[in-house]
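Hi,

Here is the structure I promised to pass on. Have a look at it first, then read my notes below.

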Amino acid sequence: MRIAIIGAGIAGLTAAYEIHKVAPDAHVDVFEAEARVGGKTRTVPFDSGPMDVGAEAFLARNNDIVDFFTELGLADQMVGPSGLRSRVYAQDSLQPIPQGGVMGIPSSAEPVKHLVSAETAARIDAESTAEPIDWQVGQDYSVGRMVRERYGDEVADRVVSALLGGVYSCSADDLGIRATVPQLAEALDALAESGEPVTLSAAVKSIEAERAERARERSADNDGGVGQPAGPPFRAFRGGYADVYDTLAEKCGANIQIDTFISGVEPHKKGGYTVKGGGEAAQEPYDRVLVATPAPTASRLLKKVAPDAAEAMRPIKLASSAVVGLKIDSDTDSAGNHLPENSGLLVALDQGGVHAKAFTFSSRKWPHLAERLDGGVIVRASFGRFGDDAIVRADEDDLVDYALDDLKTITGFDARDAGVSEIFTQRWFGGIPRFDERHLGYVKAARAALADVPGIDVTGAWAGGVGIPNVVADARAAARRIL
């Protein structure tokens, strides 16, 4: 059996690895347009060691992803964070990030009262008695629109968009509840099904209650709880995500063709499929083709073999972002200003005067990075939300200046004065899908259309969900489907 995989990001490489494990005699070619594997994960060499300029961590919610990385031989490479908290920059000051709630959405005003006006606080606490939400079981709805309608703009901008923006490179208004906060959609469903008044605060309270119950169960179970891996909920890799994509490339048993732009997939006259642009490796037809690219690329590639699926994917949009990595020689400038003792900071959507959406104090967040340093700190500045490509396209010198200026504006710490010895700028054009309230419908329609096309399948973040665990799970499932 000949199988072509288009895309050598984490999804494509994971699928190749899974195929090799299940069908070791299959011939697999992986085609990658870029000059490197890894896709939207990238680890670059700083003098002190490798540093990620894309995804830097994964959420270990259950044992599946930890077991997968252990299977790859990476158990000793997984590390946990320091436990330092982040802060949010809102109304020209650094404030604690609210605790509890769901992705910044509170069940009462108490956690967010330091970030909102008295009027907004009163509105939050009165929401439970407001006109119930007309919620239909199974529907989706904009996160931002829901929060604005029920709690007001201040919560949406200063809390929810700040938290979601770092994950999805979108404001809350561009994200769907079911697509990005599924537990909240399920809680709203449960209220509607029970016949109780559907309110945002009631849904969040039910999630908080379930969370507290799970915590009690875990505390009574010394091994970490059923289905819960022991250790911190977030983990990273000592060598960055290169540990993952290099290992997958080495162990997947596939022929990986980098710098190879595939222009389309077409039916072959003798059966199977032709991969256009694959060069010498693709002279013979393939029995199976798995497209592991962003949705717009997948749509273009599959027009001739799966037109209905291609049309279903076509509306999916992508958000761009940029990361500026900095090695700063000291965490104190000559005026005595210190970099805060936090893991990082987020910037409120309605905060003016700065360009960055977030900073990660990487060597504060990850002890393994701090151990490598002979003084100083490593900082990552993040830019860009959906619809704001101009900041991502800014000159590299401008992005670096924005990072240094914003850091001083927000914290008072002058990194230029402290000394900047290393800089790396990474732009991610079309890095993350916009998971809006229509996104899951697009994915469902594409999957349904592909069910009628033998030997063709798709995978990637747009199909499986944001985050490495979702990408890996979807890629493994796609590999088994295509076999």
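Searching the whole structure, which is a predicted model, turns up 2 cavities of 30 Å³ or more. The largest cavity has a volume of about 110 Å³. Its lining is made of 14 residues, and D52, E56, W366, H368 and L369 are the ones closest to the centre. If you'd rather think in elements, β4 (49-52), β9 and α13 (367-372) each give two or more residues to that lining.

Next, the nonpolar packing. As a general point, nonpolar side chains in soluble globular proteins tend to be buried together. Here the largest nonpolar core has 47 residues. The residues with the most contacts inside this core are I105, W135, V143, V147, I177, L184 and L188. Several elements give two or more residues to the core: β7 (86-90), α3 (118-126), α4 (143-150), α5 (153-168), α6 (177-180), α7 (182-194) and α8 (200-219). Of these, α5 supplies the largest share, with 7 residues.

Now the rings. A pair of aromatic rings is described by the distance of the centres and the angle of the planes. I count 8 aromatic pairs in total. One of them is F69 with F237, an edge-to-face pair at 5.0 Å centre to centre and 90 degrees between the planes. That pair links distant parts of the chain, since F69 sits in helix α2 (residues 63-71) and F237 in strand β9 (residues 234-237), 168 residues apart. Both F69 and F237 are buried.

Then there is Y168 with F435. Why does this pair count as edge-to-face? The ring centres of Y168 and F435 are 5.8 Å apart and the planes meet at 70 degrees, and planes over 60 degrees apart count as edge-to-face. This pair also links distant parts of the chain: Y168 belongs to helix α5, while F435 is in the loop between β18 (420-433) and α17 (439-450), 267 residues away. Y168 and F435 are both buried.

Going back to F69 and F237, ring pairs link these two with Y17, F58, F68 and Y241 into a cluster.

Two arginines are worth a click as well. The charged end of R2 sits over the ring of Y286, 4.4 Å from the ring centre. R36 lies over the face of Y245, and there the distance to the ring centre is 5.6 Å.

Last, some backbone angles. Most residues other than glycine have a negative phi. M103 is not a glycine, yet its phi is positive, about 50 degrees. You'll find M103 in the loop between β8 (93-96) and α3. S169 is another residue other than glycine with a positive phi, near 55 degrees, and it lies in the loop between α5 and α6.

Are these two buried or partly exposed? M103 has 30% relative accessibility, so it counts as partly exposed. S169 is at 3%, so S169 counts as buried.

Cheers

Definitions and conventions
Residues are numbered from 1 along each chain as its sequence is written. This is a predicted model: local features need pLDDT of at least 70, side-chain atom pairs count only at pLDDT 80 or more; totals for chains, interfaces and linings use all residues. Side-chain values use heavy atoms; hydrogens and water are left out. A nonpolar core is a set of buried Ala, Val, Leu, Ile, Met, Phe, Trp, Tyr and Cys residues joined through side-chain atoms within 4.5 Å. Buried means under 20% relative accessible area, exposed over 50%, partly exposed in between (1.4 Å probe, protein chains only). Helices (H or I, at least four residues) and strands (E, at least two) are DSSP runs, numbered from the N terminus. Rings of Phe, Tyr and Trp (its six-membered ring) pair if their centres lie within 6.5 Å; planes under 30 degrees apart count as stacked, over 60 as edge-to-face and the rest as tilted. A charge sits over a ring if NZ of Lys or CZ of Arg is within 6 Å of the ring centre and within 35 degrees of the ring normal. On a 1 Å grid over the protein atoms alone, a cavity is a set of points where a 1.4 Å probe fits but cannot get out, and a pocket is an open set with protein on both sides within 12 Å along at least five of seven lines; lining residues have an atom within 4 Å of a point. Grid points are joined across faces, edges and corners, and a volume is the space filled by probe spheres set on the points.
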